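Here is the colleague's note that was requested, arranged as numbered points for reading beside the coordinates.

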Amino acid sequence: MDLQASGPPSDSPAAEAWRRQAITWRNRVFLLLDRLPLPVALCDPQGVILLANPAMAAEWGMLSGQLRGRSALDLFHPRTPTRLHPIAEAVRLRRRSRYPVEVTWCSPDGVERYGEMDVDPVSDTPDDPPALMLLLRVLGERADTSAGEGAGPPRVSAVEARILALAAAGGTTARIAKAVGLGVDGVNYHLTRLSRRWGVRGRTALVARAYTLGVLDPAIWPPDTAGDRADEPYR
């Protein structure tokens, strides 16, 4: 945000007060993004991720900071690549509009997911080069049916496995969030996603399912994952 270009003279007391107010509001916006259950990311004009909220990072079993510097096109695959052309033109001409793009991606556990991503060119002022705001709506997933019955238990990300283990030990959502470095909303997002994937309702049923699938080791206390069931790159 160009504080000097749109506010009072930089050497005035009013400028300092205006600057502090702008910083306060920006921090509030970041806090709001962190709490949104909708996956959101901000990219530069080339599609390189500048920041992402926990819900977006959870799609990859990562923490928010781990997505910074990654290209959105390396993560999400447009079903119709030509849909990107109007976005590139909007960035070049500094237009402001919303562009929906159907995308697919592969989660850390090997499940193909699909949804719609709204791409909004945004900037602090009309003359600034626009950044790209990405808002993802997850519509569903397609299980990998190529593996046979003997393929073994499903793999989960390391973050998901850690959450399951802490939940099995009776940890509250707040304690789990602190232990794994996520917000409460991020933990609930993972638990809801696992419940939908495994077709169970409630935390007790989810933990029981994790044991029957071999994700958690019944012979270990405190609860822990069973062998190498988590994808190590996502710790």
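Predicted model: local features only at pLDDT ≥ 70, side-chain atom pairs only at ≥ 80, totals over all residues.

1. The secondary structure of the chain comprises nine helices and eight strands. Of its 235 residues, 40% count as buried, and the accessible surface amounts to about 13,100 Å², with 55% of that belonging to carbon and sulfur atoms. Among contacts with a separation of 6 or more, 51% are made by residues 24 or more positions apart.

2. Strand S1 (residues 40-43) pairs with strand S2 (residues 49-52) in the antiparallel sense, and three bridges hold the two together. Cys 43 has Ile 49 of S2 as its bridge partner. Five residues lie between the strands of this hairpin, and Gly 47 takes a positive phi there, near 90 degrees.

3. Further along the chain, strand S3 (77-78) runs antiparallel to S4, to which two bridges join it; in this pairing His 77 has Thr 104 of S4 as its bridge partner. S4 (residues 99-106) also pairs with S5, again in the antiparallel sense, over eight bridges.

4. How many aromatic pairs does a search of the whole structure find? There are two. In one of them, the ring centres of Trp 60 and Phe 76 are 5.6 Å apart and the planes stand at 80 degrees, so the pair is edge-to-face. Trp 60 is in the loop between helix H3 (54-58) and helix H4 (72-75), while Phe 76 is in the loop between H4 and S3, so the pair ties together parts that are 16 residues apart in sequence. Trp 60 and Phe 76 are both buried.

5. Phe 76 and Trp 105 are both buried. Taken together, Trp 60, Phe 76 and Trp 105 form one aromatic cluster.

6. Helix H5 (residues 85-93) has Ile 87, Ala 90 and Val 91 as its buried residues. Viewed down the helix axis, these residues fall within an arc of 100 degrees, so they line one face of H5. His 85 and Arg 92, by contrast, are exposed on the other side of the helix. The cover over the buried residues of H5 includes S4, strand S5 (112-122) and strand S6 (131-142). Arg 94, which follows H5, has a positive phi, near 60 degrees.

7. A last point concerns the cysteines. The structure holds zero disulfides. Are the cysteines named here, Cys 43 and Cys 106, buried or partly exposed? Cys 43 has 1% relative accessibility and therefore counts as buried, whereas Cys 106 has a relative accessible area of 42% and is partly exposed.

Definitions and conventions: Residues numbered from 1 in each chain as written. Heavy atoms only, no water. Pairing = 2+ DSSP bridges. Helix = DSSP H or I, 4+ residues; strand = E, 2+ residues; numbered from the N terminus. Phe/Tyr/Trp six-rings, centres within 6.5 Å; stacked < 30°, edge-to-face > 60°. Buried < 20%, exposed > 50% of the residue type's maximum accessible area, 1.4 Å probe, protein only. Disulfide = S-S within 2.5 Å. Arc of directions from axis to C-beta. Contact = heavy atoms within 4.5 Å. Areas by Shrake-Rupley, 256 points an atom, 1.4 Å probe, with all protein chains shown as cover.
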